[in-house]
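Reader: I'd like to learn how to read salt bridges in a model. Can you walk me through some?

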Amino acid sequence: MNRGKSKAGNSERFSKVSYLLLSNGGADGVRTHDLLDAIEARSQLRHGPTELFQFTTGRFFSSPFALVALPACNLRRTLQVLFNESKLFTGFVLPKMIRNTHFALSSLRTARVTILALALSAFWFAITIPALAQQQGPLPPPTSSGSSGYPSMGNSRTSASTTPSTIHSEEAITNEPPSLPVEQIIQRFSQHESEFKKERDNYTYTQTFVLQTVDYDGNPDGEYRLTTDIMFTPEGKRYAHDTYAPPPSLSRISMSQQDLNDLENIQPFVLTTEDLSKYNVTYVGRQIVDELHTYVFDVAPKKMEKNERYFQGRVWVEDKELQIVKSYGKAVPDIIKKNNENIFPHFETYRENITGPYWFPTYTHVDDILHFTSGGVRIRMTVKYANYKRFGATHKIGPAVEVKP
């Protein structure tokens, strides 16, 4: 993904509004906070802390909503306190609303109390909101899984459109040696991958792709959706037909041509015999994934040729049929040029046994942070492959359904 531009905030405008509110003085030329301080000091000598003191210095002051609620809900009681205490301070130039009976409220005097509360509320926001933003800091990277010994997707809050539809289980990787020589396992599963690739090229299916950028609160703030049907012409030529492609709302990143190519070729990774010579394949151990006993292999390109795309990560091979059932990694290399950064995420792809010995990719999930020089951008992505149907067949191949007698 390429880095895009982000939108600027409006904190400067907010601080100017706060300053204008706070610059208004008290009633009749007397600064309001001086007047309240004097009244409060005298009142505490006679009665102890007043209700006004509890509102302005106690626990209610920790919330701006309590200050806004003061003139709305407790105006009569507050003015009554001011009225009672004003008799002892005839030397002050007090507002008429305090010297007169507290039942004679004018709209102008009520507005002054309201402005005071709103000014204090705005002042509270201006101080605390920047402080909270500084305390939050950068978004932490996705958590790692301790069971597999290899990085996996984080489990942060996700929206319904990018939430994994199935909970996968896996046990710890063991150092138990394989039942066959490692080289023989690699040769056999790569041969099966070559057969599977040819077979998959004879299938139609629907591919649903959803990419979202995620803000610091874990909520999507941009989206790219694409639904594509992989089909055949009557003459047998395979082609892709986009059936749903709403305008994207991404503002911080953009999809590149390499992203679209990786979506087709790298994320549903197939390690054929023809491609095996390009990679180093290293045996890691054994692991049970979703009740499947698998061999685990690390895969990395031996050499990266210009304009070529590769997979780097890990694959899980079922230990009976020797078919790849899961892969985790990323497309490499990242493309870093002057004024252009094309960074690619880590992904996890699961396969299912659709027909015969073949395991077809059915689900890819991404929850990763793309680290640009200008800052990290968190993304979530899902790719679903459904409705597999062999070209020329009269029925679709899907999950098995139990038929009760």
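This is a predicted model: local features need pLDDT of at least 70, side-chain atom pairs count only at pLDDT 80 or more; totals for chains, interfaces and linings use all residues.

Reader: What counts as a salt bridge, and how many does the structure hold?

Author: You look for a side-chain nitrogen of Lys or Arg within 4 Å of a carboxyl oxygen of Asp or Glu. By that rule, the structure holds 15 salt bridges.

Reader: Which residue forms a salt bridge with Glu 193?

Author: That's Arg 351, with the closest N and O atoms 2.9 Å apart. The pair links distant parts of the chain: Glu 193 sits in helix H8 and Arg 351 in strand S12, 158 residues apart.

Reader: Are Glu 193 and Arg 351 buried or exposed?

Author: Both Glu 193 and Arg 351 are buried.

Reader: What about Arg 309 and Asp 262?

Author: Their side chains meet in a salt bridge too, at 2.9 Å from N to O. Arg 309 is in the loop between strands S7 and S8, while Asp 262 belongs to helix H9, so this pair ties together parts 47 residues apart in sequence. Asp 262 counts as buried because its relative accessibility is 2%, and the cut-off for buried is under 20%.

Reader: How do I read Lys 303 and Glu 305?

Author: Their side chains meet in a salt bridge at 3.9 Å, N to O. Lys 303 has 56% relative accessibility, so it counts as exposed. Glu 305, at 43%, counts as partly exposed.

Reader: Which residues are joined into one network?

Author: Glu 170, Lys 326 and Glu 348 are, through salt bridges that share partners.

Key
Residues are numbered from 1 along each chain as its sequence is written. Side-chain values use heavy atoms; hydrogens and water are left out. Helices (H or I, at least four residues) and strands (E, at least two) are DSSP runs, numbered from the N terminus. Buried means under 20% relative accessible area, exposed over 50%, partly exposed in between (1.4 Å probe, protein chains only).
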